[in-house]
Amino acid sequence: MKQYDVIIIGAGAAGMMCAIEAGKRGRSVLLLEHNRNAGEKIRISGGGRCNFTNLNTSYKNYLSANPKFAISALSQFSPQDFIDLLEYYKITWHEKAKGALFCDEEAWQIIDMLKNEMDRVGVHLRTQTEIVGVEKIADGFNVNWQGRESVQSISASCLVVACGGKSIPKMGATGFGYKIAEQFGLRLTETRAGLVPLTFEPSLKEQMSEISGVSVDVKVTCGKISFDEAMLFTHRGLSGPAILQISSYWREGEELLINLAPDIDVFAKLKEERAKNGKREISTILAQILPKRLAQQIGNQFEGRLADVGDKILQKVGERVNAWRIKPTGSEGYRTAEVTLGGVDTRDINAKTLEAKEIAGLYFIGEAVDVTGWLGGYNFQWAWSSGYSAGQVI
Ligand SMILES: Cc1cc2nc3c(=O)[nH]c(=O)nc-3n(C[C@H](O)[C@H](O)[C@H](O)COP(=O)(O)OP(=O)(O)OC[C@H]3O[C@@H](n4cnc5c(N)ncnc54)[C@H](O)[C@@H]3O)c2cc1C
């Protein structure tokens, strides 16, 4: 039976980066993947252009029971380190907004680059491999998978779990990494869908259906955290970057505060316009501030000419625009979530090496760990950084 130095389960961003780094150090590496192809999430990420990192990366852009856990790995492999790799492969990129970097061309360029690096350092990638279990043996780990006729077994001194989270099962997400963590006695923090569209209850959904497809720049707040980004009305509820960002902080039962015109005090503006020309309708003024269909939808609730309504009503209009309070009923869940919040408890992992504190030779990297980034390239950066860090020691 062939024995490897390292077996990595999951050929996503984290697993491939880790395999490359271990291969560079002369380790024999077997990378196992149950999908037909490696890096499926990279391929569809960032609308097909892969938002591969963010120039503003800091531990402050991550959610975790202990966000400072990410500091060590992020400092070992930075956004610039990944940019250097792209530049070596002549993959051109651009900054879209707020430090978010995307490929100029296609996301598959990054997959090709990683596969090329793996080939260069002799990583053995085995796809379409259905793993049935792992076990501890005296000097390492056994990994068992279903072969054509019987269960095959292979062993290694180190086992790296890079199975990602539960989001988008259709693309191969299984939550298998959590099972391995539990099997070896590591704690898990609660997992839930993150970076996900939020849904309305049926009557609100119906009321809002006429503005499905409308996008508006907002400030959305949940508790103490706010994001200034675009928001999209959908036929189920709300989406767009602002909502995806806040969804990671929102809990069922909580209210969102949405400012649909963050740069304008709408009550003050309506009073000012009334003083100038009271014959105009409220909706006419709203249409100067908001997208037309949204202005109409709000205007329908406050019909009338400016001159005919008092301050109380104008204040209500102002609040509807500047402080819309809304209670989503839920989220679209793992079916569409970009990430899984929570995961393997960082208290049980070494921040520098990603090794399980109590099980020598067992490592957890990437999304499987309780470290989840904001929208904007932070999740891939965590995958690269955590994969790189484990790759230095396995
Ligand atoms: C639609 C979408 C768009 C996204 N866009 C971006 C973006 O632009 N920028 C960004 O930073 N982040 C983005 N993300 C998030 C990002 O893709 C993930 O955070 C990142 O891929 C996590 O890397 P990972 O290697 O830990 O896990 P994954 O990339 O999920 O890789 C895990 C691998 O393990 C395999 N696997 C799982 N279970 C098993 C098993 N039992 N046996 C064998 N193999 C298994 C999976 O098939 C997968 O290949 C996006 C996510 C989605 C869903």
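Residue numbers start from 1 along each chain as its sequence is written. Because the model is predicted, local features need pLDDT of at least 70 and side-chain atom pairs count only at pLDDT 80 or more, while totals for chains, interfaces and linings use all residues.

Start at the ligand. There are 37 residues around the ligand, where a residue is near if its C-beta atom, placed from the backbone, lies within 6 Å. Gly-10, Gly-12, Gly-164, Gly-172 and Gly-366 come nearest. By class, the shell has 17 nonpolar, 15 polar and five charged residues. Here Ala, Val, Leu, Ile, Met, Phe, Trp, Tyr, Cys and Pro count as nonpolar, Asp, Glu, Lys and Arg as charged, and the others, Gly among them, as polar. Helix 1 (13–24), helix 2 (40–44) and helix 13 (378–391) each supply at least two shell residues. Helix 13 gives the most, with four residues. Helices (H or I, at least four residues) and strands (E, at least two) are DSSP runs, numbered from the N terminus.

Turn to the strands. Strands of a sheet pair through backbone hydrogen bonds, either parallel or antiparallel. Two strands pair here if DSSP finds at least two bridges between them. An open sheet is built from three strands in the order 3-6-5, with antiparallel pairing. Strand 3 (51–54) and strand 5 (93–95) are the edges, each with a single partner strand, so one side of each has no neighbour in the sheet. On average, neighbouring strands of this sheet are turned by 30° against each other, direction ignored. Three bridges link strand 5 to strand 6 (residues 100–103) in the antiparallel sense. His-94 stands opposite Phe-102 in strand 6.

Next come two hairpins. Strand 13 (residues 215–222) and strand 14 (residues 225–233) run antiparallel, joined by eight bridges. Val-216 has Met-231 of strand 14 as its bridge partner. Two residues lie between the strands of this hairpin, and Gly-223 takes a positive phi near 60°. Strand 14 also pairs with strand 15 (residues 237–239), antiparallel, over two bridges. Leu-232 has Ser-239 of strand 15 as its bridge partner. Three residues separate strand 14 and strand 15 in their hairpin.

Finally, look at helix 9. Two packed helices are described by the angle between their axes and the distance between the axes. Axes are lines fitted to C-alpha atoms, for helices over the stretch in contact, and angles run from 0 to 180 degrees between N-to-C directions. The axes of helix 9 (residues 266–276) and helix 10 (residues 282–289) come within 11 Å and cross at roughly 125°. The two helices are therefore oblique to each other (under 35 degrees is roughly parallel, over 145 roughly antiparallel, 65 to 115 roughly perpendicular, the rest oblique). Val-266, Lys-269, Leu-270 and Glu-273 of helix 9 make the contact with Ile-282, Ile-285 and Ile-289 of helix 10. Contact requires C-beta atoms, placed from the backbone, within 7 Å. This contact has five nonpolar, no polar and two charged residues.

Helix 9 also meets helix 12 (residues 311–322): their axes come within 7 Å and cross at roughly 140°. That makes helix 9 oblique to helix 12. On the helix 9 side stand Val-266, Phe-267, Leu-270 and Lys-271; on the helix 12 side stand Leu-314, Gln-315, Val-317, Gly-318, Val-321 and Asn-322. By class, this contact has six nonpolar, three polar and one charged residues.

Note on methods:
Contact = placed C-beta atoms within 7 Å.
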